[in-house]
Every structure is written in structure tokens, then in C-alpha cells.
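Visitor: I'm new to reading protein structures. Please walk me through this one, starting wherever you like.

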Amino acid sequence: MARLAKIVANEKKKKLSLKHLALRKELRKKARDISLSEEERFEAQLKLQRLPKNSCANRVRNRCGLTGRSRGYYRAFGLSRIAFRELALRGMIPGVTKSSW
């Protein structure tokens, strides 16, 4: 089980990134637009830098829904490899069976 502080901090980052998503996209678009003047582009860059650093989506870490583990994460299931294996062996994940050959 991951530390509760790490899980809570990651949830805060998710909320913050969703809150600033539209504004961040707009400012990035303005900063890259060549048709705008240099002053407007520079102003957009400054506004982008003033946003909280944790509002960037890159700072959000994928974590297991059950344990909070960050390593060995399967996106399709939202679980870490360990939790996935335990649930699959118990037959709790539909369509997943242990292979044997």
C-alpha cells in the first residue's frame, strides 16, 4: 500500500490539472501562434508560467485503484500488476483467465 500522503497529493494534482486544462490549452496555443505579435506571444508565455506547476497534466501519476501503487500499472484495468494478478486468480476480472500450455 502506498503512503496515503502520496495518494492524496496525486488526487489534488488531478483536480488542479482538470481545473486549469482549458486555460492552459488556450495559452499554449497563443504562445505557439506565429501570426500573433511577439508581445502577445510573450504575454501568453508569462501567464502560462504564473499558473501553478501542479496544474500541468504531466505531473499526475497513474496509480492503482486499490493499493495506490505507482509502478507496474495497467491502464486498461486501472490496477497495478500485483492487484491485477490477485483479482485475476480469484476470477474477479471478467474475461481474464490464467493461461496454461
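Visitor: Which residues does Ser80 touch, not counting residues up to four places away in sequence?
Guide: Let's start with what touching is: a contact has heavy atoms within 4.5 Å. Leaving out anything up to four places away in sequence, Ser80 touches Cys64, Thr67, Arg69, Arg71, Gly72 and Tyr73.

Visitor: Before we go on, what kind of model is this?
Guide: Residues are numbered from 1 along each chain as its sequence is written, and side-chain values use heavy atoms, with hydrogens and water left out. Local features need pLDDT of at least 70, side-chain atom pairs count only at pLDDT 80 or more, and totals for chains, interfaces and linings use all residues, this being a predicted model.

Visitor: Back to Ser80: is it buried or exposed?
Guide: Ser80 is found in strand 2; helices (H or I, at least four residues) and strands (E, at least two) are DSSP runs, numbered from the N terminus. Buried means under 20% relative accessible area, exposed over 50%, and partly exposed in between (1.4 Å probe, protein chains only). With a relative accessible area of 1%, Ser80 is buried.

Visitor: And Arg71, is that one buried or exposed?
Guide: Arg71 sits in the loop between helix 3 and strand 1. Beyond four places along the sequence, Arg71 touches Arg61 and Ser80. Its relative accessibility is 58%, so Arg71 counts as exposed.

Visitor: How many Å apart in space are Arg71 and Ile7?
Guide: Along the sequence, Arg71 and Ile7 are 64 residues apart. In space, C-alpha to C-alpha, the separation of Arg71 and Ile7 is 13 Å.

Visitor: Let's look at helix 4. Which residues of helix 4 are buried?
Guide: An arc of only 130 degrees around the axis holds them, which puts them on the same side of helix 4; that arc is taken over the directions from the helix axis to the C-beta atoms. On the other side of helix 4, Arg85 and Arg90 are exposed. The buried set is Ala83, Phe84, Leu87 and Ala88.

Visitor: What do the buried residues of helix 4 pack against?
Guide: Just after helix 4 comes Gly91, with a positive phi of about 80 degrees. As for packing, the buried residues of helix 4 go up against strand 1 and strand 2 (79-80).

Visitor: How are the rings of Tyr74 and Phe84 arranged?
Guide: Rings of Phe, Tyr and Trp (its six-membered ring) pair if their centres lie within 6.5 Å; planes under 30 degrees apart count as stacked, over 60 as edge-to-face and the rest as tilted. The structure holds two such aromatic pairs. For Tyr74 and Phe84 the centres are 5.4 Å apart and the planes are at 65 degrees, so the pair is edge-to-face.

Visitor: How many residues apart are Tyr74 and Phe84?
Guide: Tyr74 is partly exposed, at 39%, whereas Phe84 is buried, at 17%. The pair links distant parts of the chain, with Tyr74 in strand 1 (residues 73-74) and Phe84 in helix 4 (residues 81-90); the gap is 10 residues.

Visitor: Which residues do the ring pairs link into a cluster?
Guide: Phe77 and Phe84 make a tilted pair, 4.7 Å centre to centre with 45 degrees between the planes. At 40% relative accessibility, Phe77 is partly exposed. Put together, the ring pairs link into a cluster Tyr74, Phe77 and Phe84.

Visitor: Now the helices. At what angle do helix 2 and helix 3 pack?
Guide: Axes are lines fitted to C-alpha atoms, for helices over the stretch in contact, and angles run from 0 to 180 degrees between N-to-C directions. The axes of helix 2 and helix 3 (residues 38-50) lie 8 Å apart, and the packing angle is about 150 degrees.

Visitor: How many charged residues does the contact of helix 2 with helix 3 have?
Guide: Helix 2 brings Arg24, Leu27, Arg28, Lys30 and Ala31, and helix 3 brings Arg41, Ala44, Gln45, Lys47 and Leu48. Ala, Val, Leu, Ile, Met, Phe, Trp, Tyr, Cys and Pro count as nonpolar, Asp, Glu, Lys and Arg as charged, and the others, Gly among them, as polar. By class, that contact has four nonpolar residues, one polar, and for charged residues the number is five.
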